[in-house]
Amino acid sequence: MTDVFDHDALRELVPLYGIGALSGPERKAVEAHLDTCAECAAELRAYAPVGVALAQVAPQVDPPATLRTAILAATRPAQPRARTPTSVMPWLAAAAMLVITAGLGFYVGTLQRRIQTLEGELRAALVRVEDSERRVTVALRAAADAEAPLAVLTAPDVRRIDLAGQAPVAPAASARAFWSRSRGLVITAANLPPLPSGRIYQLWFVAAPAPVSAGLLTPDANGSLTTTLSTPSNVPNPTALAVTIEPEGGVRAPTGAMYLVGAAM
Amino acid sequence: MWLLAALAAIGDAAGAEIDRMIVRRMAGGDHLALGDLYDRHAHLLFSLALRILRERSDAEDVLQEAFSQVWRQAKRFEEGRGTVVGWLVTVTRSRALDRLRQRRAQPGGIENFDRMAEALPDPARALDVHLATSEAAERVRSALAALPDDQRVPLELAYYEGLSQSEIAAKLQTPLGTIKTRMRQALRRLRDALEGGLS
């Protein structure tokens, strides 16, 4: 046993130390000796590869593929976190907080003003949008109004009917109608006498066995009108169109004087 | 992959320099460098740990511990004191032997007894040598295969089982002085073989 660690005894232990086969007091003695003895240090360098070679003598086996991932995951450095200011004196920290608070207060105030401005702008924008929508609705309606007579005039089954004013009530009046059984009727009239109060003009399809109402007509102050009427598609083939004067709201069958008439054939 | 590790382990100068560069990167906090080091040496270290512990799960745990330690201590690695692979082998072997000793300290059931019996080297069996086909590796293999059993077995008990010379002497029922002499002879032969001399 190596009770006394002289140079020769230690030198004999160096090879074992080189392969990591020493422990306890022997190991400590060799380590201490290596710091001061160049000869033994050189001896150690010669034996170090032997330890590695002995590792290679082991049957070579591949580690599982998952081991690499596990090791890298276990050793991966944590994301750098904000350091806590341990060395900052408390009053300095408090002062800093005050400055930050004041700054935040100012910032909040600025933000509130900005929000109010933006809210105002938003309200104005919404009003403009509403107005625009209204205009669009009106325009669409106008477009639809314009479209309806156009549809009638361009219908493949459209028929033109000229109506003449009847003496003695409306000798100067005249009208022209375009009628399509599928799409409706457009009528333009001029020189219609002003309507007495509580009365209205009513247009009729004159057909067997009885006239069928085509709609009500309201001329302007000059006695003119242009209007589009949607008419029932199941009207019996009319022989003529006629305009009578009737009580306001219209009637089921003509009762008043005939103002305009035109043959439909 | 492990051929590279083998070449570096045997002292290939280029491999050793690559290892040193990797460890310098690790010391600088480059975590990818640890992956590079793993790719170069995990095969060798896993084989060593498995040879010592004989259980794959234990060997995997040891490799985890060893690479974690190497990652933490990269800054402290002194290039003048030896090769990187020598350091890796030392760390891995030390961790594996610690675990082996813990296992031995557990109350021994039949299973434990069997495991220890299995871990003992078989004097009649030639060493398992599966080295890289490099010239140096071939020399090591030849030298080990040429060792007489009475030199090889004490060396195996010391290196793979972590037994002290006194424990080896008791186990083999051989005088301590004889064990010391035989181990020195065995190690000298291996050293000569590595240096290119005749074994």
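Student: Which residues are buried in helix 2 of chain A?
Tutor: In helix 2 (residues 24–34) of chain A, the buried ones are A:Glu26, A:Val30 and A:His33. Buried means 20 or more other C-beta atoms within 10 Å of the residue's own, exposed means 12 or fewer, and partly exposed is in between, with C-beta atoms placed from the backbone. Helices (H or I, at least four residues) and strands (E, at least two) are DSSP runs numbered from the N terminus. This is a predicted model, where local features need pLDDT of at least 70, side-chain atom pairs count only at pLDDT 80 or more, and totals for chains, interfaces and linings use all residues. Residues are numbered from 1 along each chain as its sequence is written, while chains are lettered from A and ligands numbered from 1 in the order in which they are written.

Student: What do the buried residues of helix 2 of chain A pack against?
Tutor: Helix 1 and helix 3 of chain A. Contact here means that the C-beta atoms of two residues, placed from the backbone, lie within 7 Å.

Student: And which exposed residues are on the face turned away?
Tutor: A:Gly24, A:Pro25, A:Lys28, A:Glu31 and A:Ala32.

Student: OK, switching to the sheet. What's the strand order in chain A?
Tutor: 5-4-7-8-1-2-3-6, an open sheet of 8 strands with antiparallel pairing. Two strands pair if DSSP finds at least two bridges between them.

Student: Which strands stand at the edges?
Tutor: Strand 5 and strand 6 (225–229) of chain A; each has a single partner strand, so one side of each is left without a neighbour in the sheet. Strand 6 is joined to strand 3 of chain A by 5 bridges, and A:Ala189 stands opposite A:Leu225 in strand 6.

Student: Which helix packs on the sheet?
Tutor: Helix 5 (residues 90–153) of chain A, which touches strand 2, strand 3 and strand 6; its direction makes about 105 degrees with that of strand 3. For angles, axes are lines fitted to C-alpha atoms, for helices over the stretch in contact, and the values run from 0 to 180 degrees between N-to-C directions.

Student: What about phi of B:Gln173?
Tutor: Phi is near 50 degrees there, positive in a residue other than glycine. B:Gln173 is in the loop between helix 9 (165–172) and helix 10 (176–194) of chain B, and B:Gln173 is exposed, with 6 other C-beta atoms within 10 Å.

Student: How many residues of each chain make the interface?
Tutor: 35 residues of chain A are in contact with 48 of chain B. Helix 3 of chain A gives the most to chain A's side, with 12 residues.

Student: And what is the mean pLDDT of chain B?
Tutor: It's 79, with 75% of residues reaching 70 or more; pLDDT is the predictor's confidence in each residue, from 0 to 100. Residues 1–11 of chain B are below 50, and residues 109–133 of chain B stay under 50 too. Where pLDDT is low, the predicted coordinates should not be read in detail.
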